[in-house]
Amino acid sequence: MSESPRHIHLIGICGTAMASLAGLLQLQGHRITGSDKAAYPPMSDLLRSLNIPVLEPYSERNLSPRPDLVVIGNALSRGNPEIEYVLDQRIPFASMAALLREEFLSKPAPRGRDSLVVAGTHGKTTTTSMLAWIYQCASLADPALEPSFLIGGVAENFSSSFQLRPTRTFIVEGDEYDTAFFDKGPKFLHYFPDALILTSVEFDHADIYADLAAVKTAFKRLVNLVPRRGLIVAYDANPNVDECLEPALCRVERYGFSSSAHWRMSSLRHEDGLTRWDLAHDNTPWAALELPLAGEHNALNATAAAALAFGQGIPKDAILAALASFKSVKRRLEVRAVIGGITLIDDFAHHPTAIRETLRALRAVYPNSRLWAVLEPRSNTLRRKVLEADLVASLRLADRVVLAGVYQQQRIPDAERLHPQDVIEALNASDPAKAELYPDADSIVRAITSQFAPGDVVAILSNGGFDGIYLKLPAALTARFHN
């Protein structure tokens, strides 16, 4: 791509990766515009802070004056009026992942650019944020270590999902979802990692992967891109991860709780608001770690980030200081409000395993509270019945469960679609008062606001806007307790 400033328009700009790319491109000096069908936090807030206009709805008019380049988001397909106009008018276009590679990952810093990729079905956003914060803390002693990064969420330590520096390291969240309507391969295959974290491999994205075998094929191809001089840090208690590592020709270090792990965790506990554990490296005590986040899954994420950073030469003291001061990511166990003694938690829920780990973490932090799970089946996996049994098992960890109707259910064939009433019936089979179903956010707020009691913890679970429930529920609680 040309080095001169250009007008670049992003269709679907409010996606987490697209908004982050928009910010990076703006830092390069380009003029950025974008469009989307709906904007919601945190990416709408980020774009507003950058003074990047978001045009709604999609329209040919949004491409006037004619941009030099159009970036097409992976959620969009033929029939979108802007895509049709781009094709008709032969406006140059690219995918987010390909442009990220060409503009940033393949452009050498003075000593060349290292691409550090964090991939996996779960935990990659948080782990990427942790790794970036480790490098940022290490840069206090060595400015050459300050990282560039792109994360699929807003890292609270940076108040941003991206950063661009003229240094060697670029840390990127590697998404296994497809790239664009014209490139159906995973985005992470564009990133050519020099080093890789692999947190987990499970069946997900049921709209684009036929089965678990297809998911594993994608991750094997990613592993196959790591050069012999590289490093892979991978979770050690998942047979799918074991299989995906088979093509590796580089050094591989495993992390987890098993006695055979290169990075072995032990004595995990949650106390005084912190998660603490001991970590050994190659059977030698390495450090006692602490993290201001709850959950075994977050301790695993932190261990992965620590292992990769140490393998890249980051000093141990910088790693420990970074993890001890890590603030999490927006929409990951984020406390949105405490009203009348009722705690409202926002968590990005896309898969039954993620829901299970979120509820387990909340049990650790709030052991004596009544725990609510308010779920919108919105991701392309949760909207399908393929993992229904796993979803029921995860939701059983909550004391009370409230389900919304399936998001845009008309887009899923009835035979493939999750039927929330079946989930409700399964949950209520042993506890008739456990679960309720309502069609939308408004009806949920009307029905359950009066049912909360002081001390309750309410986990709002969705990977989207959930029809504004994050504002509607606090407003209703405020009215209940202060009117």
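Me: Before we start, how do you know which local features can be discussed?
Reply: As this is a predicted model, local features need pLDDT of at least 70 and side-chain atom pairs count only at pLDDT 80 or more, while totals for chains, interfaces and linings use all residues. Residues are numbered from 1 along each chain as its sequence is written, and side-chain values use heavy atoms, with hydrogens and water left out.

Me: Why are helix 1 and helix 4 called roughly parallel?
Reply: Helix 1 (residues 16-27) and helix 4 (residues 96-105) pack at an angle of about 25 degrees, their axes 11 Å apart. Angles run from 0 to 180 degrees between N-to-C directions, the axes being lines fitted to C-alpha atoms, for helices over the stretch in contact. Angles under 35 degrees count as roughly parallel, and therefore helix 1 and helix 4 are described that way. The helices themselves are DSSP runs (H or I, at least four residues), and strands are E runs of at least two, numbered from the N terminus.

Me: What makes up the contact between helix 1 and helix 4?
Reply: Helix 1 brings Ala17, Met18, Leu21, Leu24 and Leu25, and helix 4 brings Met96, Leu99, Leu100, Glu103 and Phe104. Contact means heavy atoms within 4.5 Å. These residues divide into nine nonpolar, no polar and one charged. Glu belongs to the charged class along with Asp, Lys and Arg, while Ala, Val, Leu, Ile, Met, Phe, Trp, Tyr, Cys and Pro count as nonpolar, and the others as polar.

Me: Which residues touch the most other members of the largest nonpolar core?
Reply: They are Leu21 and Leu100, in a core of 55 residues. Helix 1 supplies the largest share of this core, seven residues. A nonpolar core is a set of buried Ala, Val, Leu, Ile, Met, Phe, Trp, Tyr and Cys residues joined through side-chain atoms within 4.5 Å. A second, separate core of 46 residues includes Trp263 and Ile319.

Me: Why is serine 267 called partly exposed?
Reply: Serine 267 has a relative accessible area of 45%. Serine 267 lies in strand 15 (residues 263-271).

Me: What about leucine 333, partly exposed or buried?
Reply: Leucine 333 is partly exposed, with a relative accessible area of 22%. Leucine 333 sits in the loop between helix 9 (316-324) and strand 18 (334-339).

Terms used:
Angles under 35 degrees count as roughly parallel, over 145 as roughly antiparallel, 65 to 115 as roughly perpendicular and the rest as oblique. Buried means under 20% relative accessible area, exposed over 50%, partly exposed in between (1.4 Å probe, protein chains only).
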